[in-house]
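This report describes a single protein chain.

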Amino acid sequence: YAVKAVSSTGVVGADYSASATATPIPKTVTGLKAVSGGYDQINLSWTRDTPADVATTYTVYRATVYTGPYTQVGTTMDASYSDETDEKNTVVTGKTYYYKVRVQVNNTLSPALSAYVAGKALPVAPESLSASAYSINQIQLKWSAAEGASGYALYRATSLNGTYALIASTSNLECLNGSLGSTTTYFYKIK
């Protein structure tokens, strides 16, 4: 920036003042969201308020209680970050974590951390659920293991969009569902 003097009659001076430079202070990160990325992973995203060609770094902080203390878990140049278990960081499935993000644009930090958001890593649903007739009133259910799962909950309904009721909890990868009506079609889900 530079300034020229202007008289009360509108005459502009010939010389500029000494120049000065300034960088605007970046806005605090907004739109922070956290969703489970599966077993031992929480995916974060937020609103990017700077153009893509502006050098922007985001620092992600995490705490185990919303009041903190918050410690740095990573940095990224994208408006997203995956917090997951690795050699220096642990994310425990089922445990709630709290996150805040701070932006730095062209070496200038935002004045504050974002508002916090809570996230929890959850096991992914088992895949390959299959159901086959075992006898006239029994159905055998089988599925593949879900990473990190220690047990499974089976639900049954009598219509695809019906109300699913819990019928069994097991740590096995199969279950025999008995005492069924021989002319009724059953629908199953697993968690």
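## Backbone, cores and selected residues

Pro69 sits in the loop that joins S5 and strand S6 (71–76), strands here being DSSP runs of E with at least two residues, and helices runs of H or I with at least four, all numbered from the N terminus. The peptide bond leading from Gly68 into Pro69 is cis, with omega near 10°.

The model is predicted: local features need pLDDT of at least 70, side-chain atom pairs count only at pLDDT 80 or more, and totals for chains, interfaces and linings use all residues. Residues are numbered from 1 along each chain as its sequence is written, and side-chain values use heavy atoms, with hydrogens and water left out.

**Overall shape.** The protein has zero helices and 16 strands. Its radius of gyration is 28 Å, well over the 16 Å that the globule rule gives for 191 residues, so the protein is more spread out than a compact globule. That radius is taken over C-alpha atoms, and the rule is 2.2 Å times the number of residues to the power 0.38. The C-alpha trace spans about 100 × 35 × 30 Å along its principal axes.

Of the 191 residues, 31% count as buried; buried means under 20% relative accessible area, exposed over 50%, and partly exposed in between, with a 1.4 Å probe and protein chains only. The accessible surface is about 11,900 Å², and 51% of this surface belongs to carbon and sulfur atoms. Areas come from the Shrake-Rupley method with a 1.4 Å probe. Among contacts with a separation of 6 or more, 54% are between residues 24 or more positions apart; a contact means heavy atoms within 4.5 Å.

There are 14 positive and 12 negative side chains, and the centres of the two sets lie 10 Å apart. Lys and Arg count as positive and Asp and Glu as negative, without His and the chain ends; each charge is placed at NZ of Lys, CZ of Arg, CG of Asp or CD of Glu.

**Nonpolar cores.** In soluble globular proteins, nonpolar side chains tend to be buried together. A nonpolar core is a set of buried Ala, Val, Leu, Ile, Met, Phe, Trp, Tyr and Cys residues joined through side-chain atoms within 4.5 Å. The largest one holds 18 residues, of which Ile42, Leu44, Trp46, Val60, Tyr99 and Val101 touch the most other members. At least two residues of this core come from each of strand S3 (30–36), strand S4 (41–47), strand S5 (56–63) and strand S8 (96–105). S8 gives the most, with five residues. Beyond four places in sequence, the contacts of Trp46 include Leu32, Tyr58, Val60, Tyr81 and Val101. Another core lies apart from the largest one and has twelve residues, among them Trp143, Cys175, Leu180 and Ile190.

**Positive phi.** Most residues other than glycine have a negative phi, and most peptide bonds are trans. Asp40, in the loop between S3 and S4, has a positive phi of about 55° although it is not a glycine. Asn106, in the loop between S8 and strand S9 (108–109), also has a positive phi, near 45°.

**Accessibility of selected residues.**

| Residue | Relative accessible area | Class |
|---|---|---|
| Leu154 | 0% | buried |
| Ser114 | 3% | buried |
| Gln41 | 18% | buried |
| Asp40 | 19% | buried |
| Asn106 | 44% | partly exposed |
| Thr163 | 72% | exposed |

Leu154 lies in strand S13. Leaving aside neighbours within four places in sequence, its contacts include Trp143, Cys175 and Ile190. Leu154 and Thr170 are 16 residues apart in sequence and 8.3 Å apart in space, C-alpha to C-alpha.

Thr163 is in the loop between strand S13 (152–157) and strand S14 (165–170). Outside four places in sequence, Thr163 is in contact with Arg156 and Ala157. From Thr163 to Thr47 the separation is 116 residues in sequence and 37 Å between C-alpha atoms.

Ser114 occupies the loop between S9 and strand S10 (117–120). With neighbours up to four places away set aside, Ser114 is in contact with Thr28, Val29, Leu32, Lys100 and Val101.

Gln41 belongs to strand S4. Not counting residues up to four places away in sequence, Gln41 touches Ser36, Ser82, Asp83, Glu84, Val91 and Ala121.
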